[in-house]
Amino acid sequence: MLTEHRSVSLSYLSINLEILVHLEAIATLYKRENGAFHLVLNNVEFSKITDDYNYYFPLENEEENRKNLIWLEISPFRVIMTQQNKNGLNYRHYWERGIYGKSRYWLNENNHNQSIYLHNFTRSLDFQGKSHPQSLRVDYELWSNHLNLGHYVLHLEIN
């Protein structure tokens, strides 16, 4: 398994809500079999926006309990994104072009059975790169039963 450290640019925005988050970070890229990759970002907290342009810059002495992990399992056909936070909100999204995937949200507490499950419909999944991923864009809708909770875009650039 090939392991590399790469600079990444990750943007998350809503088409119909006022949500725009962008971060620049160093990520660890693991090459898996069959053109799949794992990309891991440590100590990222989207809720810590530090300037007027909604850009995230990691702060140096963040408390240990606020640290989290974002893990993307990437292939040309599907993406699974997991955020694990020691004391906060955790989630896992499963996206595959043209299908309804699951999105799961939970808190890290003693009772792990209390999760919220939503559905997402992947409108498009664009993956570029052969020997390593260069760009990923996931365009999806989030649903709770028959209620549309918004249209979102996740865009990742890997240098």
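Q: Which residue lies over the face of Trp 106, and at what distance from the ring centre?

A: A charge counts as over a ring if NZ of Lys or CZ of Arg is within 6 Å of the ring centre and within 35 degrees of the ring normal. Arg 104 meets this for Trp 106, at 4.0 Å from the ring centre. Lys 102 likewise lies over the face of Tyr 117, at 5.4 Å from the ring centre. The model is predicted, so local features need pLDDT of at least 70 and side-chain atom pairs pLDDT 80 or more, while totals for chains, interfaces and linings use all residues. Residues are numbered from 1 along each chain as its sequence is written, and side-chain values use heavy atoms, without hydrogens or water.

Q: How many bridges join β1 to β2, and how many join β1 to β11?

A: Strands are DSSP runs of E, at least two residues long, numbered from the N terminus, and two of them pair if DSSP finds at least two bridges between them. Strand β1 (residues 3-14) is joined to β2 (residues 20-31) by 11 bridges, antiparallel. Five residues separate β1 and β2, which form a hairpin. Within that pairing, Arg 6 has Ala 27 as its bridge partner. β1 also runs antiparallel to β11 (residues 147-158), with seven bridges; there Leu 13 stands opposite Val 153.

Q: Which residues lie nearest the centre of the largest pocket?

A: Rolling a probe the size of a water molecule over the atoms shows where empty space is left. A pocket is an open set of points on a 1 Å grid where a 1.4 Å probe fits, with protein on both sides within 12 Å along at least five of seven lines; lining residues have an atom within 4 Å of a point. Here Tyr 12, Tyr 91, His 93, Tyr 105 and Tyr 140 lie nearest the centre, among 14 lining residues. Two or more lining residues come from each of β7 (89-96), β10 (135-144) and β11, with the largest share, four, from β7. The volume, the space filled by probe spheres set on the points, is about 280 Å³.

Q: Are Tyr 91 and Tyr 105 buried or exposed?

A: Buried means under 20% relative accessible area, exposed over 50%. Tyr 91 is buried at 11%, and Tyr 105 counts as buried at 19%.

Q: What is the geometry of the Tyr 91 and Tyr 105 rings?

A: Rings of Phe, Tyr and Trp (its six-membered ring) pair if their centres lie within 6.5 Å; planes under 30 degrees apart are stacked, over 60 edge-to-face, the rest tilted. Tyr 91 and Tyr 105 have ring centres 6.0 Å apart and planes at 50 degrees, so the pair is tilted. This pair links β7 with β8 (residues 100-107), across 14 residues. Tyr 12, Trp 95, Tyr 140 and Tyr 152 form one aromatic cluster.

Terms used:
Buried < 20%, exposed > 50% of the residue type's maximum accessible area, 1.4 Å probe, protein only.
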